[in-house]
Amino acid sequence: MIAITREVSPALADCELSFIGRGVIDVARAATQHHAYCAALAALGCRVIRLDAEPGFPDSVFVEDVAMVVDEVAVMTRPGALSRRAEGLRIAEVLSPFRPLLHIEAPATLDGGDILRIGRDLYVGRSERSNDAGIAQLATLLAPYGYTIHPVAIRDCLHLKSAVSLASDGTVLMQPAWVDRAPFAAYDIIEVDPAEQHAANVLRAGQGLVMADCFPRTRARLEAAGLSVVAVDVSELQKAEGAVTCCSIVFDAAPGAVAAH
Ligand code: CIR
């Protein structure tokens, strides 16, 4: 597995915020937390590619939003936030040796955080960042490879994967306040603990599941289901409305293998 990451921008405090208020972000601490996150991915067997920080792009640590990788190709998205539009240029350079690149074009917008891949099914959140044209373009680009796109309504959160993410083959972790269960009826659903409303974002990497360490009750639910969880402190990144999936693009270096996150 490859994990593309990028160091925390020194401008992180100027990040976009949509559903949470602006607090004081300790950028040095965010960088330290990000290093530990990268170490966790490496310990789970990923080859971690660490790109230099981008001072001009406050949110550029959240690499997930600018590209999504399937077995056959990578799709460069067109992020919904204007300040994030050019973040993908460097990521495209890094991805190009691994996959042919396809591109979402204006007026479409699409954030990778809105795309939940489960095998050949791609669930895509209709959010403030991802519009119907973006979802339609993704469907057109990936249909030749046998992927089916399922648009999903979300509410009160930034991205689809704020509300639901893949916990294991056949099981999703969900915040039911932010997304309906119906589109995920084919899967087992573990709900976040009601006291941990932001806990639904977990990252599959290797044999493990990475999650933020501030959600012990939801972690207990995952472990009770037999899942192995690695908890990391990402408190400063959470103040930038980030979570664990958004800080990496994880994919199989060998096309044809089944990968999902
Ligand atoms: C933004 O609003 O774009 C960033 N501050 C946070 C992006 C988080 N991305 C993600 O969860 N996929």
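A salt bridge is a side-chain nitrogen of Lys or Arg within 4 Å of a carboxyl oxygen of Asp or Glu. Glu-87 and Arg-84 form such a pair through their side chains, at 2.9 Å from N to O. The model is predicted: local features need pLDDT of at least 70, side-chain atom pairs count only at pLDDT 80 or more, and totals for chains, interfaces and linings use all residues. Numbering runs from 1 along each chain as its sequence is written, and side-chain values use heavy atoms, with hydrogens and water left out.

**Salt bridges**
- The whole structure holds 19 salt bridges.
- Arg-90 pairs with Glu-93, with 2.8 Å between the closest N and O atoms.
- Both Arg-84 and Glu-87 are buried (under 20% relative accessible area, 1.4 Å probe, protein chains only).

**Ligand shell**
- The ligand is surrounded by 13 residues (a heavy atom within 4 Å).
- Glu-16, Asp-59, Glu-64, Arg-129 and Ala-240 are the closest.
- The shell comprises seven charged residues (Asp, Glu, Lys and Arg count as such), four nonpolar and two polar.

**Ligand contacts and burial**
- Asp-59 places a polar side-chain atom 2.8 Å from a ligand nitrogen.
- Arg-84, the salt-bridge partner of Glu-87, has a polar side-chain atom 2.8 Å from a ligand oxygen.
- Arg-129 likewise has a polar side-chain atom 2.8 Å from an oxygen atom of the ligand.
- The protein buries 98% of the 340 Å² that the ligand exposes when taken alone (Shrake-Rupley method, 1.4 Å probe).

Terms used. Polar contact = N/O pair within 3.5 Å; in protein donor to acceptor, adjacent residues only side chain to side chain. Buried < 20%, exposed > 50% of the residue type's maximum accessible area, 1.4 Å probe, protein only.
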